[in-house]
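Here are my notes on this model. Please read them alongside the coordinates.

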Amino acid sequence: MSEASQHGKWSVSSSEEDDDELPAVRTLSKPPEASLSNYSSLSSPVPKVEATSVEVKPEPSPIPTLVIGSEARQQAAKNQTYPVKYDSSPSLAGKRKLDVSDGSGWALSDSDDDDDAAKKNNPPPVRKAPSPKRKKVADERPPSPHGRVYYVDEPDDFFESSVPCLDDMFRFYLNKVTGLDRKYNSGALHIRDVLSPLFGTLKESVQFNYCFDLAWMVQQYPPEFRDRPVLIVHGDKREAKARLVQQAQPFPHIRFCQAKLDIAFGTHHTKMMLLWYDEGFRVIILTSNLIRADWYQKTQGMWMSPLFPRLPKGSSDTCGESPTFFKRDLLEYLASYRAPELEEWIQRIKEHDLSETRVYLVGSTPGRYVGPDMERWGHLRLRKLLYEQTTCIPGEDQWPVVGQFSSIGSMGVDKTKWLAGEFQRTLTTLGKSSLQPNPPIHLLYPSVEDVRTSLEGYPASRQRRSNSGCTPTFSMISHVNLFRWQADATGRTHAMPHIKTYMRASPDFTQLAWFLVTSANLSKAAWGALEKNNTQVMVRSYELGVLYVPSAFNMKTFPVQKNPFPISSSSSGFPVPFDLPPTCYTPNDQPWIWNIPYNKAPDTHGNVWVPS
C-alpha cells in the first residue's frame, strides 16, 4: 500500500523486524538489496570503503558501500549512490510449542550447527565462481555518512572525572549528545562513563547487542580494563558471523555467544551489559548499538542498576530477590538462550543480592508459546504486568497511551488487526478493571522536517527496509495519531531518537501511570502476535526493556519532571525524554520514510536526499 503526498507516493519500509506474511507489492523499482547509503556529495565524493562493522548483512556484493550507523544493520549495497549538494534549480524459560511438521521438534533453525549438519548430509551443488570482489580493508570502521571527518573528538570535560550526580530513584538516563549545551549532558551518560572505574573495578563483562564495531567498543573501556574478558552475545550467522569474528582477531580477550534464532526473520535486538566487578555486579539495559554513531548525536536511553553486592557464602538461590522478581526474570531470560557460554553468568547472578531493584523486566525471546507460557514474553508479558501491578484510575479513558519508537516493522496483511487489536489491548490495560476503555493513542515518530533539521541531517533517519520486502504503511494511522519528535526540555529536539519508550499519561500530561524503556520498536516480530484463535503466541526476536510502575516506588502516579537537566538526585519527577504534551503533525507534515527523495530543501549539512 502507498499514499500520495507532496513528496509523491510513499510507503514505510520495515525495520530489522520482518513479517511472516507474503511480501507486499512494492512501488519501488529497486530490489530489497538496493543501497541504503543515499547520502554523499558530488562536489567532494566520499571514497567507497568496505566496512568491517555493518548492521544489515545481505549476500556479499562486489561493490562496497558507505554505511550509515543505524538500528537496521548498515548495509553493503549493490548500487552505490552519492549524496547530492543542494541546488536551487530542480526452554528453560518456559515451554515452547514445538513445530512437528517434520517430526523433529523445531521446524526452523538459523544456528550454524544445523547448517553444518545439513551440509554434511546434503552437499551443496557446485556453483559458478563469483566475480572478483574488492579486497576488504581489515582495519576500517564504519564512516559517517557525511565522510570520515564528520566525527569530532569530544573535549576532555565531556566525560566524567568524578561520580556524577545521578537519579538514584528511577536510575533512568539519557546518553550524552555531542554538540549540546553542557547543561543538557549534566547527568547523562556516555558508554565511556558507564564502563569507567567510577562505577566499579571491572573484572569481566558481557555485551548483548544487535550491531557491533568491536575496535570502537574496546576503545571505550578504560585502559586498565581494556584486556578484561568480554563475551559478545549476537545473532549473526554465516558471512555476517565471519565478519564479526574477523573484527575480533586483534582482541584475544573477546569471546562469542551466538543467539539461536529458531524462527525465520527474527533478530537478536536486545541491548544489555552485564558488568562483574571486584565490588559486585551491575546490569545495564539500554537502546544503543555498540557503534559510534549511536553514541554521538542520537537520543538514547538506559536503565542502570544499583551495584548489587555479593551474597554471603552458602545463601540459597532464592536469596537476594527484589519485590519485582527481577532476579528470577533475568535468570529466566538468560536461560532462554540455551547457551553454555552464559552458564557462568547465570551462576554469578545467583550469588548476588538484587533486592534493591524496583523495575520489572519485559523481554522477548523467539518461540511459540502456549498455556501459561504465553504471558512470559512480549506484549502479553507487558499486559500481565499492567493488569497485576497498576491500579484503575478515575477517567482512565481520557489518559492517552504514548508510544515512541525509531522504526516501524511489519504488522501483517491486515495492519489494523494487530496494532488496533491485540497490541492496543495490551497498552490500554490498567489494573484489574473489567472495562475496556478506548483512550487516545499518540504515536511519536520523526517527521521529514524533524530529520531535515537534525544535527545529522537526513542520514539521522533510522528507518530501513525489511529483508522480506514487506512494506507496512501509515495508511491506518491518521495525522491525529501522529506526533513529531520535540524534546526542548532535554535539549534533544535535534538529536533524532533511537530510544523506544511507551507510557500512559494523564490528560494534562503531568502524571504517568507507567513508563517503559525498551529495545522493541513497533512490530509483531518484536512484541509477538497471537495465533491459532489466540491459543498461542509467536515471538520472532530477542528484545529487552524495563517497566516502571508507581506501586514499586510507593507512589500512585509518577509526576513528570518538567526540567530534567541538570539531573537532581532529590527529584521525584520522572525524566521523560521528550516534551509533553507532544506536538501533533500538521496537514503539511509527513512521517520520515527513507526510500523517497527529499530535494526541495537542504538539511543542516547542505545536502538533499536522493534514494537510489
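**Notes on the annotated site and the cores**

1. His498 is buried, at 0% relative accessibility (buried means under 20% relative accessible area, with a 1.4 Å probe and protein chains only). This is a predicted model: local features need pLDDT of at least 70, side-chain atom pairs count only at pLDDT 80 or more, and totals for chains, interfaces and linings use all residues. Residues are numbered from 1 along each chain as its sequence is written, and side-chain values use heavy atoms, leaving out hydrogens and water.

2. UniProt, in an unreviewed entry, lists His269 and His498 under "active site"; such annotations may be inferred rather than shown by experiment.

3. His269 sits in the loop between strand 7 (254-258) and strand 8 (272-277). Strands are DSSP runs (E, at least two residues), numbered from the N terminus. His269 is buried too, with a relative accessible area of 0%.

4. His498 lies in the loop between strand 15 (482-484) and strand 16 (500-505). Its side chain makes a polar contact of 3.0 Å with that of Gln300 (a pair of N or O atoms within 3.5 Å, one able to donate a hydrogen and the other to accept it; residues adjacent in sequence count only if both atoms are side-chain atoms).

5. The largest nonpolar core has 111 residues (buried Ala, Val, Leu, Ile, Met, Phe, Trp, Tyr and Cys joined through side-chain atoms within 4.5 Å). Met272, Trp514, Trp527, Leu547 and Tyr548 touch the most other members. Strand 17 (residues 511-518) gives the most to this core, six residues.

Conventions
Helices (H or I, at least four residues) and strands (E, at least two) are DSSP runs, numbered from the N terminus. Buried means under 20% relative accessible area, exposed over 50%, partly exposed in between (1.4 Å probe, protein chains only).
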